[in-house]
Structure formats: structure tokens, C-alpha cells
Amino acid sequence: MIVDVVIFLPIENFLSYSVPEHLQSKVSVGVRVVVPVRNSIEVGIVIDVRNVSEQKEDVTKELKEIIDILDKEIIVNGEMIKLCRWISDYYISPLGLAFQIAVPKFLRTLGKPKYIVNSEAKSEYLPGSLPQQIMEALENQPSELKELKKKFKGQEIEKEILALVKEGTLKLIFEPIKLREKIKKELWVRLKKDKTISQEEILVWQKKSPQQVKTYLSLLHKGEEYPLSDLLKKQQITKSTVLSLQKKGWIELVEKEVLRTPRLYQYIESLENTQDITLTDEQEIAVKDISNTLCQHQFKTFLLFGVTGSGKTEVYLRAIQTAMDRGYQSLFLVPEIALTPQTVSRLYSRFKEQVAILHSGLSDRERFDEWIKIKEGRVSVVIGVRSAIFAPFQNLGLIIVDEEHEHTYKQEETPRYHARDVAVMRAQINSAVCILGSATPSLESYVHALDSKYQLLKLPQRVASGSLPTIHIVDLKLETEKSSADVILSSILREKIQEKLKRHEQVMLLINRRGFAPVMLCPSCGWIVSCPNCHTSLNYHRNDGTVRCHYCNYKQQRPIQCEECGTTPLILLGVGTQRIEDLLIQYFPEASISRMDTDVTASKNRGYSILKKFGEQKIDILIGTQMIAKGHDYPNVTLVGVLNADIGLTLPNFRSSEFVFQLLMQVAGRSGRREIPGEVVIQTFMPGHYVIKTVQNHDYQMFIEYELRNRRAMGYPPYNRMIQFGIESEDEKEARDMAYLLVRYARNSLSQNRSECSVLGPASGVIRRVQNKYRWQFALLGKATKTINRIARDINNHFQTKKTSNKLTLQIDVDPYEIY
Ligand code: ADP
Ligand code: ZN
Ligand code: ZN
């Protein structure tokens with residue numbers, strides 16, 4: 001018998017092992033096993049079990065044997081194995097790293113193994129020989145390899161130990177974490193079933209021990225079982241009372257597994273009840289189509305295209321209810337839990353203890369407990385972020401990806417997967433329904449809908465009385481000419497803010513800080529305060545008087561004078577959230593103003609408390625980066641201002657127009673969500689840009705047409721697949737030479753294949769140097785997924801054989817979002 005095992009390490013492929021006789025009956029696909037890997041021992045997952053015919057028995061002889069099987073139960077089921085293999089394949093990422101996401105940390109590690117002498121071993125060694133010394137050292141004291149190495153300093157003991165293990169003289173012991181052992185236990189009290197106690201008996205005991213009788217009666221009365229600790233507290237009795245009752249045989253104590261519920265933020269706990277909504281006609285149609293497909297247990301993807309406030313969430317909730325009624329589990333993906341408290345709250349209020357939550361704020365313990373609940377079907381809905389797409393569902397029927405166009409679904413480290421695309425694949429593997437929802441669908445999804453690969457469902461209108469806000473465009477060039485200075489807040493925006501404040505309505509101001517925080521500059525020679533590790537300028541943070549690098553987190557006190565020419569003072573260029581805050585305080589001294597950006601939300605609760613206060617209308621003006629643009633539903637917001645809409649439009653990324661369009665549409669959608677009509681003011685230097693024009697008219701269709709035309713002309717996604725390669729080294733020449741070498745190799749294999757792929761580059765990275773490493777990049781573009789994937793693999797292999805040092809690294813990004 002041979003098993004293929006995946007180890008949770010960056011190893012490209014699985015490893016094969018033979019299975020010793022005594023373990024053969026226990027091994028199956030999906031269980032954890034302990035296996036030897038080179039000189040160490042690792043935990044892995046069995047992904048295949050094969051029987052080898054007798055003629056081929058030699059094959060098994062050459063394989064190492066598995067050491068042990070850890071659990072009776074399957075940890076990773078067949079569907080998940082398929083998914084992880086797909087991830088590894090499609091994203092050209094080591095198999096071990098794909099499985100790493102699917103298994104909680106607790107179950108991936110093995111306590112360090114210790115060596116002991118096998119008492120049944122009979123070998124004898126010459127006194128004083130190395131093997132003999134090792135055995136003596138281990139005779140009464142099991143030790144880790146590290147301890148042994150220390151003891152035998154300078155001697156080559158590793159080989160010797162392996163040999164001793166092989167012949168059975170030494171054994172390995174380790175304390176692996178068993179699944180059920182890791183679950184916390186609690187004592188419960190319950191009545192003994194088969195035991196009836198007569199009235200007389202009770203009366204007799206009533207006198208002798210009233211406490212005991214009181215306890216017994218309370219259990220009898222409730223007819224239920226109780227956690228011991230609860231009972232003690234509620235009845236104010238001691239443990240000895242309970243123990244005497246147990247001795248008498250009236251009650252019994254049983255151990256139960258407890259899975260805790262992560263504490264939810266107070267904000268989320270303020271539940272609203274929206275059960276009795278009557279659906280609009282469009283919602284009705286969407287719900288019906290989705291429900292029908294759910295009932296057929298068929299794979300299908302829907303694109304729910306609905307403007308902000310059109311009632312998409314209500315459609316999701318109904319779909320989840322249908323899935324639940326049919327006995328299916330559902331997964332609800334959101335871009336970020338912290339920024340979607342309202343969605344979480346609505347889910348909890350409707351489905352209560354049926355909900356599990358997965359996000360990065362959980363402790364390993366909490367994450368493990370949620371994982372178990374999902375795996376054992378104790379919950380039917382999971383709300384979570386990106387990585388929740390790997391949750392261990394047993395019976396998954398529905399996956400929802402809310403705000404499917406969001407950036408955060410793309411993981412920017414290996415495996416560089418996109419949760420939306422993984423969601424569609426997982427739905428396909430599970431014959432489940434997938435709903436992608438957005439007010440501004442990604443071009444990828446929209447094109448799939450046009451091709452009828454996805455079914456399009458539309459919610460074109462806001463529910464309730466809300467209508468879409470009026471959008472005013474302010475030409476900053478004209479404004480600047482008028483006032484002959486840098487304009488941060490145009491006069492129109494200032495007037496509108498004043499007007500809203502007077503009416504006690506609320507204002508949100510978006511500043512897309514990216515690349516535009518204040519830069520420190522020498523006014524006489526142009527010297528810029530820049531990062532010593534990266535090819536980029538440092539940003540001034542006023543609250544602590546430092547300058548910081550947003551790429552490597554380098555930080556230093558602000559310089560006082562120019563390092564080139566000694567001029568002082570240095571001046572600040574650009575606009576950051578902190579500066580806006582100052583300005584607003586000057587203009588509107590009576591208003592209550594708050595700022596929300598990553599500096600603030602670095603402390604978790606600050607972010608929530610700001611949003612909470614804003615919801616309670618204790619804040620008049622909320623300033624923030626893109627994080628205020630998402631998902632919030634604040635009825636009293638009637639003005640949204642965008643201070644610098646253009647940032648991002650000029651970034652060297654073919655997706656930048658799409659990103660800016662989505663951001664502007666989203667933030668505009670925060671305004672006027674109820675009866676009072678909303679307004680939006682967008683300040684821009686490019687009022688004629690098609691992104692600005694289409695946002696002004698809320699015209700997604702027009703934007704898509706423009707954008708698709710551009711993408712088609714350039715051969716960019718979604719018309720072609722793109723795979724981006726990033727090469728990094730401390731030595732710039734080394735990185736550049738490798739980039740050229742790989743590009744030559746790629747062009748060569750393309751011409752041989754006569755395929756429809758092309759190579760872009762090489763070029764130096766967008767930021768030339770990050771954390772002291774120089775970056776070079778190139779990309780493959782092509783129609784046929786298979787071909788382009790194969791060539792990318794060849795390039796990867798070629799790199800592995802050609803790389804001159806370990807400091808030279810290659811990063812492969814399939815369907816990239818960030819430009820390297
Ligand atoms: P979206 O997710 O598309 O932004 P929501 O589902 O959050 O929209 O709906 C916006 C608001 O309208 C919510 O407060 C929701 O409870 C309410 N709502 C949704 N559907 C209806 C309906 N059919 N009738 C009345 N109110 C609705
Ligand atoms: Zn200078
Ligand atoms: Zn830096």
C-alpha cells in the first residue's frame with residue numbers, strides 16, 4: 001500500500017510513502033499522518049491511497065514508511081483536497097502552502113520528537129563506540145535531537161541516530177495534538193435516566209440534607225442537564241453537595257466538549273430585526289431564481305448586480321434561509337469584518353447561534369473552535385473574510401461573495417489566490433450555488449455574465465424611498481486659478497458642508513491618501529526625505545513627529561534641515577488625512593470631527609468606536625481613507641466629499657481606472673440612503689476623464705463600455721490572462737540579468753509553441769527598490785489558460801536551475817492586482 005502525503009511546507013509536490021502492515025486498516029484519504037521527511041518528522045495529510053500490485057512491490061521497498069496515523073476522523077475531505085490541488089495548480093504555488101490554509105495551526109504541528117531506546121532491541125555495540133554512547137545517553141532520558149547534538153558536540157551523530165532508528169534500536173516518541181483532545185471539556189450534571197426516586201425518599205432526605213434535595217428538584221423541575229459551574233452558581237450550592245448526589249446515584253456527571261463563541265464587538269451585538277420585509281419585485285425574481293437552482297443541487301454562479309442600497313443583503317439572507325431549509329451550509333464572504341459590522345449584525349440577528357465567524361482577529365483557539373463547529377455541521381452559516389473560503393464544510397450548498405470586486409479578496413502572498421475565483425471553483429466542486437454581489441462588478445465577472453457563464457440578476461433601484469445622490473464635479477484646476485493656491489477644500493464643498501451642519505445632517509470626506517501623504521522637501525535644492533531601504537519618499541506623520549516608509553515601515557524623527565544643502569526649514573508637499581483634519585477644525589470650529597485611517601484603526605477598538613459614534617450621530621464629519629467607503633449604511637449622511645479623486649488614475653496599473661471608478665461609486669453610495677436626498681462633491685484635476693464622467697451619471701454601463709474597449713485594445717484582462725513575474729535581489733544587476741534571461745527563455749518557448757501568448761517586459765519594478773532589494777518584472781499575456789500556465793511553470797523551473805544564489809527570488813502572480 002502506498003499513500004501520497006502533503007506536508008505543510010513550501011514543497012512543490014506530495015511525497016509518497018509505504019504503509020506498514022499494522023496501519024493499513026486505519027489509513028484513508030484525508031487523515032493526518034506522521035512521516036519522516038529528510039532528517040525530521042512532519043505531520044501531513046493523506047491525499048491518495050493506492051494498492052500496489054505484487055509485481056511492483058519493489059517500488060514500495062524504496063519508499064519510506066509512514067510512522068503513525070493521528071486521527072480516526074478525516075481532517076480534509078475529498079472536495080477540499082480537490083480545491084487545494086486546484087489552487088496549487090492554477091496559482092503555481094507549492095501544494096503544501098495550499099493545504100496550510102485549509103488546516104488550523106493546531107493540527108499542522110507536531111511537538112518535537114524525542115528519541116528513546118527501544119526496550120525490545122537486541123543489538124550490541126562495542127563499549128565506547130558512538131552508537132553505544134548514544135544509547136547510554138538515552139537509556140533513562142528521552143531527548144530531542146537538539147539536546148543530543150549539544151551533548152555530542154562536534155560529532156556527526158545525525159547519521160548514526162538515523163541508522164539506529166532504522167534497525168529498531170532507537171524509537172521516536174512525540175506528542176502530536178489529537179483533534180478531540182484539543183477541544184475544551186466541561187462537566188455537566190444531569191439526572192440519572194433509569195433511576196426514579198420516590199416521594200417518600202425525597203421527604204426523608206429533605207430533613208437530612210435540604211441542599212441536596214433542592215439541587216435534585218431543580219434539575220427535575222427543568223428536566224434538563226446543566227453545566228456544573230452554572231448549577232453551582234445558580235443554586236448557590238457547593239460541589240460536595242453535587243458529589244454526594246452523584247454517589248447516591250440520583251444524578252450523574254458527564255464530560256462534554258465545549259466550543260466557545262468568539263466575543264463579538266459590542267457594535268455587532270446591537271441586533272436589528274428585519275425579518276418581516278416584503279421583497280420588491282426585482283428582489284423576488286432574484287430570490288426565486290437562486291432558490292430554484294439551490295433546490296436542484298446544481299452548480300451555478302449568479303452575478304447580483306445591484307446599486308448600493310438596492311437590497312442585495314436581503315437577497316443573500318433569503319438565499320441562506322432556503323439553503324438552510326434544504327439542509328445545506330452557507331458561506332458568506334465579506335471583504336473585511338471590521339468594516340462591515342452592519343452586515344454581520346444582520347446575519348446574526350436572523351440566524352443567531354447558527355452562525356460561525358472567521359476573521360483575522362480571532363485567536364488560534366477561537367479559530368479552531370469555529371473550525372470544529374463548521375466541520376461537524378453544528379452551524380449552518382459562516383461569515384468570514386478571504387481565507388474562510390477554505391472552511392471545512394461538510395455540506396456546502398451556497399457561497400456568497402459580497403462586494404465581489406473588492407481588492408481584499410486577493411491574497412498578496414503565496415498562494416496568491418483570489419477568493420472570488422476560488423469561490424466559483426469551490427461551488428463547482430461541491431455542486432453548490434455561488435452568488436457574486438456588487439454595485440460595480442469587476443470586469444471579469446461582468447464579462448462572464450455577458451458570455452452567459454454567470455446568470456445576471458439586476459436590482460437597478462434603491463429600495464425604500466432612497467434615490468441615488470446628485471453628484472457635483474469640481475474642477476480643481478479652475479479652483480486653483482481662482483485662489484492662486486493649493487486648493488484642498490473647494491468653496492462649493494465648504495458651502496455644502498456648512499449647509500449640512502446647519503441641518504444636523506452628517507458628512508463623510510474621502511481622501512485617497514495613497515502615495516499622497518505629505519512629503520518633506522527642500523525648497524532650495526529639491527532634496528526629498530526618502531527611505532534608506534526603498535526607492536520611495538517618506539511620509540510625515542504629525543502626531544508623533546516622525547517620517548515613515550509605507551512600504552517597509554521604516555521610521556525616524558523628522559529631519560530639521562536639508563541633508564544636501566543645509567537649508568531649513570523643509571516644506572511639506574501633498575495632503576494627508578491629518579492635514580485635512582486641521583483644516584476642517586479651522587473652518588468648522590463647532591463641528592465634531594473624526595478621522596479614520598490605518599493610523600487610527602491600528603488599534604482595533606478605536607475603529608469600531610468611531611463608527612459606532614458616527615452611527616449614533618455624535619460625529620458630524622468623518623474623514624477617512626477608502627475604508628470609510630465600504631458597506632456602511634448611515635441614514636443621516638447626506639453629503640460625501642471626495643477631495644482628490646484623481647489619485648490612482650495615474651498609477652501604472654491597467655486596473656487603476658476600474659479601481660477608482662469602484663471607489664468613487666461606492667463612496668457616493670454612502671450619501672442619501674433614506675428619505676433625505678444625498679449629494680456628492682468630487683474634486684478632480686481631470687473632470688473630463690471617462691471615470692469621472694461616468695461616475696457623475698451613475699453610469700456603470702457606460703464605464704464598462706469604455707473600459708472594455710481599452711482593455712481589448714491593449715490585450716489586457718479580462719480578454720487575456722496575465723501572469724506576472726517579480727524578481728528580487730540585493731544586487732540590481734543580478735535581478736536584471738535574471739529577468740532578461742527568463743524573458744529570453746519565455747520568448748523562445750513561445751516561438752516554438754506558436755501559441756497566442758506574448759511577453760511584456762522586462763522592466764524594473766514600479767518601486768525600484770523595496771527593503772533593500774531591487775525589483776525587476778515581466779509578464780505573460782495569453783488567451784489559453786492551459787498554455788500560459790504551462791509556460792509559467794517552465795519559467796519557474798528554468799529559474800530554479802539557473803538561479804545563482806538563494807538571495808535571488810522569483811514571485812509568480814497569476815491574475816495580478818498589484819503591479820510589481
Ligand atoms: P445593499 O446590500 O444592496 O446595499 P441592503 O440590503 O443593505 O442593500 O438594503 C438597504 C436597506 O433597505 C436595509 O436597511 C434593508 O433592511 C432595507 N431593505 C432591503 N430590502 C427591502 C425591502 N424589500 N423593503 C424595505 N426595505 C428593504
Ligand atoms: Zn537642499
Ligand atoms: Zn522603506
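Is serine 88 buried or exposed?

Mentor: Serine 88 is buried, because its relative accessible area is 10%; buried means under 20%, exposed over 50% and partly exposed in between, with a 1.4 Å probe and protein chains only. The model is predicted, so local features require pLDDT of at least 70 and side-chain atom pairs pLDDT 80 or more, whereas totals for chains, interfaces and linings use all residues; side-chain values use heavy atoms, without hydrogens or water. Residues are numbered from 1 along each chain as written, while chains are lettered from A and ligands numbered from 1 in the order of writing.

Serine 88 belongs to helix α2, which spans residues 78-90; helices (H or I, at least four residues) and strands (E, at least two) are DSSP runs numbered from the N terminus. A polar atom of the serine 88 side chain lies 2.8 Å from the backbone oxygen of serine 93. A polar contact is a pair of N or O atoms within 3.5 Å; within protein, one atom must be able to donate a hydrogen and the other to accept it, and residues adjacent in sequence count only if both atoms are side-chain atoms.

Glycine 607 is part of helix α22, residues 604-615. Between glycine 607 and methionine 596 there are 11 residues in sequence and 6.9 Å in space, taken from C-alpha to C-alpha.

The account now turns to the ligands. Around ligand 1 there are 18 residues, of which Thr278, Gln283, Gly309, Thr313 and Arg346 come nearest; a residue is near if one of its heavy atoms lies within 4 Å. Helix α13 (residues 312-325) supplies the largest share of this shell, 3 residues. Polar backbone atoms of several residues approach ligand 1. That of threonine 278 is 2.7 Å from a nitrogen atom of ligand 1. Oxygen atoms of ligand 1 are also involved: one is 2.9 Å from a polar backbone atom of lysine 312, and one is 3.2 Å from a polar backbone atom of serine 310. On its own ligand 1 has 560 Å² of accessible area, and the protein covers 81% of this; the areas come from the Shrake-Rupley method with a 1.4 Å probe, and for residues only the protein chains shown count as cover.

Ligand 2 is a zinc ion, coordinated at 2.3 Å by the SG atoms of Cys522, Cys525, Cys562 and Cys565. Donors are N, O and S atoms within 2.8 Å of the metal (3.2 Å for Na, K and Ca), and sites may look incomplete because water is not among the atoms. Along the chain, the donors of the zinc ion have the spacing C-x2-C-x36-C-x2-C. Distant parts of the chain are linked here by a pair 37 residues apart: cysteine 525 sits in the loop between β21 (519-521) and β22 (539-541), and cysteine 562 in the loop between β24 (555-557) and β25 (571-573). Cysteine 562 is buried, at a relative accessible area of 3%, whereas cysteine 525 is partly exposed, at 40%.

A search of the whole structure for disulfides, pairs of cysteine sulfur atoms within 2.5 Å, finds 0. Cysteine 295 is accordingly in no disulfide, and the nearest cysteine sulfur, which belongs to cysteine 434, is 17 Å away. Cysteine 295 is partly exposed, with a relative accessible area of 35%, while cysteine 531 is buried at 4% relative accessibility.

Some backbone features remain. The peptide bond from threonine 414 to proline 415 is cis, with omega near -10°, and proline 415 lies in the loop between β16 (396-402) and α16 (419-429). Proline 717 and proline 718 are likewise joined by a cis peptide bond, with omega about 5°; proline 718 occupies the loop between α25 (700-714) and β30 (721-729).

Serine 431, although not a glycine, has a positive phi of about 50°. Its loop runs between α16 and β17 (433-438), and serine 431 is partly exposed at a relative accessible area of 28%. Asparagine 772, also not a glycine, has a positive phi of about 70°. This residue, asparagine 772, lies in the loop between β31 (758-770) and β32 (773-782) and is partly exposed at 35% relative accessibility.
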